[in-house]
Amino acid sequence: MPVLLFIVNVDWFFVSHRLPIAIAAQRCGYQVHVATGLTDRRAELEAHGFTVHALSIERGGSNVFKVWREVLEIWRVMRAVRPDIVHLITIKPILLGGLAARAAAVRTVVAAVSGLGYAFVASGAFAALRRSVIGLLYRFVLGPGNVTVIFQNPDDRRRLSAIARLPPEKTVMIHGSGVDLTRFAPQPLPEGIPVVVLAARLLADKGVREFVRAADMLKRIGCEARFVLVGQVDPGNLASLRQDELDAWVRDGTVECWGQRTDMPQVLAQARLVVLPSYREGMPKVLLEAAACARAVVTTDVPGCRDAIVPGVTGVLVPVRNASALADAMSTMLLDAQRCQAMGAAGRALAERTFDLRDIVAAHLQVYAQAVAPEPAVAARP
């Protein structure tokens with residue numbers, strides 16, 4: 001029985017973005033291990049029959065001594081489990097897990113790049129230095145050996161392939177984590193005052209401040225709509241908003257905050273419009289879910305976001321970091337319910353064609369199968 005080890009920052013992200021893949025792999029005969037930072041999801045993971053290994057990865061930390069301690073911790077898990085495949089998910093597990101995999105002589109590594117992260121959207125001299133260091137690490141951990149790198153959009157594939165000098169045969173394109181088209185099903189647009197939803201971790205680089213400024217602009221000119229944030233602050237992330245900042249927006253009536261929700265189909269059913277003014281993404285799950293629920297989208301013209309829609313057909317693109325343009329686009333859509341409905345229907349067709357969870361799971365299983373397939377024997381010369 002081949003052993004598959006997932007390395008991921010935190011358990012809730014694994015549950016929300018990779019759990020169906022792990023379940024399918026287990027059904028195909030893999031022994032599944034999950035090494036992750038733990039919150040409250042350990043029992044859920046173990047209930048699926050996975051072996052769980054606790055990690056103490058700090059998502060926002062860059063202290064050299066802590067980083068090497070984390071590499072050693074991952075290496076110890078790998079030495080104990082002796083996996084046939086290690087699947088590294090998101091930036092820090094790819095970099096630290098990649099170093100540990102080299103040291104542990106892991107046979108096969110699969111690295112899932114779900115966006116290039118804060119270092120690639122930040123500006124300034126320190127950010128440039130950080131990008132250079134990260135680039136060297138990517139080149140070291142992804143370049144040699146039996147490594148397959150999964151990308152979610154072509155921009156990230158092109159940029160990281162250049163940085164890490166990846167040949168095309170070591171890369172695969174899979175469109176995000178997919179969406180369950182049965183759970184996320186089309187619903188009629190709700191009656192009454194329209195609701196505009198931004199659902200994401202409440203980070204600066206998700207464009208939350210631009211959304212709030214745009215909402216304030218529209219309210220000042222009498223636009224009748226409810227602007228809703230769904231999510232929570234993330235103190236472990238360098239780009240997290242402050243709770244007092246969020247509380248002030250709610251107090252002055254600019255936005256509502258519904259907090260972290262696990263019933264996203266019901267949340268999206270209440271929306272007229274779904275908005276994500278992010279600075280950069282891999283393939284934003286909420287936009288796939290919005291499409292599946294037949295909701296029109298306004299998002300930014302950046303990698304990941306623009307790949308999740310068909311511009312002018314399933315949604316509208318606006319310039320990044322531009323609250324005025326965002327307000328104009330939201331206003332135009334809110335005044336045209338018929339257009340929202342048509343774009344929503346086109347979004348559902350797009351989800352069925354491109355983002356079906358069953359296809360995404362099958363693509364991952366194919367990557368695993370190819371990674372562990374024995375190399376064909378070379379015939380001896382006569």
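The structure is a predicted model, in which local features need pLDDT of at least 70 and side-chain atom pairs count only at pLDDT 80 or more, while totals for chains, interfaces and linings use all residues. Residues are numbered from 1 along each chain as its sequence is written, and side-chain values use heavy atoms, with hydrogens and water left out.

The protein chain has a mean pLDDT (the predictor's confidence in each residue, from 0 to 100) of 92, and 94% of its residues reach 70 or more. Over residues 377-382, however, the pLDDT is below 50, and this stretch has zero contacts (heavy atoms within 4.5 Å) beyond near neighbours in sequence. Where pLDDT is low, the predicted coordinates should not be read in detail.

Lys 206 sits in the loop that lies between strand S8 (195-199) and helix H8 (208-220); helices (H or I, at least four residues) and strands (E, at least two) are DSSP runs, numbered from the N terminus. With a relative accessible area of 12%, Lys 206 is buried, a term that means under 20% relative accessible area, with exposed over 50% and partly exposed in between (1.4 Å probe, protein chains only). Leaving aside neighbours within four places in sequence, Lys 206 contacts Ala 200, Arg 201, Leu 276, Pro 277, Ser 278 and Glu 281.

Turning to the cysteines, the whole structure holds zero disulfides, a disulfide being a pair of cysteine sulfur atoms within 2.5 Å. Cys 293 is buried at 3% relative accessible area, and its sulfur is too far for a bond because the closest cysteine sulfur, in Cys 340, is 15 Å away. Cys 305 is also buried, at 0% relative accessibility; the closest cysteine sulfur to its own is that of Cys 293, at 18 Å, so the two are too far apart for a bond.
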